[in-house]
Each structure stands twice: as structure tokens, then as C-alpha cells.
Amino acid sequence: MKEDQRIALTKRLLQEGLLRLLRKTDLNNISVTQLCTESGINRATFYRHYAQPRDILNDLKCDIFQEVAALAEKNVPQGDTKKWLESTCCYFFEHSDVLKILFRYRTDDEFVIFLNERFNELYPDLMRKGYFPNVDSDTMRLSAFYYAGGIYYILRQWLTEPINKTPQEVAVLMHHFLNATEGNQT
């Protein structure tokens, strides 16, 4: 247990150090030595957990995915798409500094896959509503990626561009698009 706490602390210090450096330096220009100095961690400890600074971004991304999934599971009733979108938008808005960094270093596919998995878990019959009552499983998979990709790019633009919308407004917009696509103008 104590070892797990040390590892978690080491990784958190490295994540925080990397985020501080990324606010002023491009990832490709950050050396392991520079990161270790910034984080107060020695190089041997760094190499026990990571091969390069970029690997830390994967842990950050995984942490965000786990937190969003846990938040939705805890606070959103099954099938309440609007509430799920609002909860997700609020979380992403609160963590926009980290997400902007992740977006900058091309994590598009992972985010779309994550959103697609959440849709499939939370709303397995989403595409069987509206205009598509008799779709096959491949069409459903493609449609889920369509929804996930659209939501991802709305989130990405909203968080990285000067778009003055609240998390609730963005969630309503995304929910409207989902309903419009399904033919349910609510």
C-alpha cells in the first residue's frame, strides 16, 4: 500500500512538473533532465515509470477518462443523455488547461474512442430510435463513432477557441444535435 502511494505521488509530481513546463515550452523541447529538475524527481525514478516525457500525457489522459466515467456513473441516471453531456462539459471546462495541452499533442483518436465507449455503455440502443429502427450492428458502430466524433470536436473547439459558451449551453447544443440526428426535435 505504501509503495502504491509513493508511485502515485511520483507520477503526480511528474504530471504537475510537465504541465508547468508545457505552459512555456513545447513538449519536443522538454528533456528528461529538465522535467526531473522541475518535478523534484531523479532521473532513475523517472525511468522506472516512463521512457520519455510524452508518456506522462497518456497517464493524464487516462486519469481524465477515469474521472469522467466515475463522475457519470456516480451522478448521472442511466439513459439521461442531457445530464451526461452537461456533467462531462462541466468537468472538461473545469479541467480545460489540461485538456488544451492534450488536444495540442493530438490525442483525438483516444478521446473519440473513449466517448464512443461511453455511448455504447450508457446508450446501447441509441441508433435504434428515430429514423433507424432496424439498423445492423456495423451501422450502429459507425453511428456511435459519428456521434462521439462530433461531440469531441465541439468540445475541442469550445475549449481551445475563444467561444463564449457555458458548459450547460454546450451540453444543450450537443444534445440538440443528437436529437436532431435521431429525428427527435426536443
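Isoleucine 101 is buried in this predicted model. Its relative accessible area is 3%, and the cut-off for buried is under 20%. The residue sits in helix 6. What does isoleucine 101 touch, leaving aside residues up to four places away in sequence? The partners are Leu19, Leu22 and Leu57. Another leucine marks how the chain folds back here. Leucine 27 lies 74 residues from isoleucine 101 along the chain, yet their C-alpha atoms are separated by 9.6 Å.

Now move along helix 6 to arginine 104. Is this residue buried or partly exposed? Arginine 104 is partly exposed, because its relative accessible area is 43% and that class runs between 20% and 50%. Aspartate 26 is 78 residues away along the chain, and the two C-alpha atoms are separated by 9.9 Å.

Step back to the whole chain. How many helices and strands does the protein chain have? There are nine helices and zero strands. Read along the sequence, the pattern is α-α-α-α-α-α-α-α-α. The chain has 186 residues, and buried residues make up 42% of them. The exposed surface comes to about 10600 Å². Carbon and sulfur atoms supply 52% of that surface. Contacts across the sequence can be sorted by separation. Take those between residues at least 6 apart: 65% of them join residues at least 24 apart.

Next, the helix pairs. Two packed helices are described by the angle between their axes and the distance between those axes. Start with helix 6, which spans residues 96-104, and helix 8, which spans residues 137-160. They pack at an angle of about 115°, with axes 10 Å apart. Helix 6 and helix 8 are therefore roughly perpendicular to each other, since that class covers 65 to 115 degrees. Their crossing is left-handed. Which residues meet here? Helix 6 brings Ser96, Leu99, Lys100 and Phe103. Helix 8 brings Tyr152, Leu155, Arg156, Leu159 and Thr160. By class, this contact has five nonpolar, two polar and two charged residues.

Helix 6 also packs against helix 5. The angle is about 85°, and the axes are 5 Å apart. That makes helix 5 roughly perpendicular to helix 6. From helix 5, the contact uses Phe92, Phe93 and Glu94. From helix 6, it uses Ser96, Asp97 and Leu99. Three of the contact residues are nonpolar, one is polar and two are charged.

On the helix 4 side, the contact is made by Ile64, Glu67, Val68, Leu71, Ala72 and Asn75. On the helix 5 side are Lys83, Trp84, Ser87, Thr88, Tyr91 and Phe92. The tally by class is seven nonpolar, three polar and two charged residues.

Finish with a loop. Where is asparagine 42 placed? It lies in the loop between helix 2 (32-39) and helix 3 (43-49). Asparagine 42 is partly exposed, with a relative accessible area of 46%. Valine 32 is 10 residues from asparagine 42 in sequence. In space, the two are 9.5 Å apart, C-alpha to C-alpha.

Terms used. Residues numbered from 1 in each chain as written. Predicted model: local features only at pLDDT ≥ 70, side-chain atom pairs only at ≥ 80, totals over all residues. Heavy atoms only, no water. Axes fitted to C-alpha atoms, helices over the stretch in contact; angles between N-to-C directions. Helix = DSSP H or I, 4+ residues; strand = E, 2+ residues; numbered from the N terminus. Parallel < 35°, antiparallel > 145°, perpendicular 65-115°, else oblique. Left-handed = near helix turned anticlockwise from the far one by under 90°. Contact = heavy atoms within 4.5 Å. Nonpolar A, V, L, I, M, F, W, Y, C, P; charged D, E, K, R; others polar. Buried < 20%, exposed > 50% of the residue type's maximum accessible area, 1.4 Å probe, protein only. Areas by Shrake-Rupley, 256 points an atom, 1.4 Å probe, with all protein chains shown as cover.
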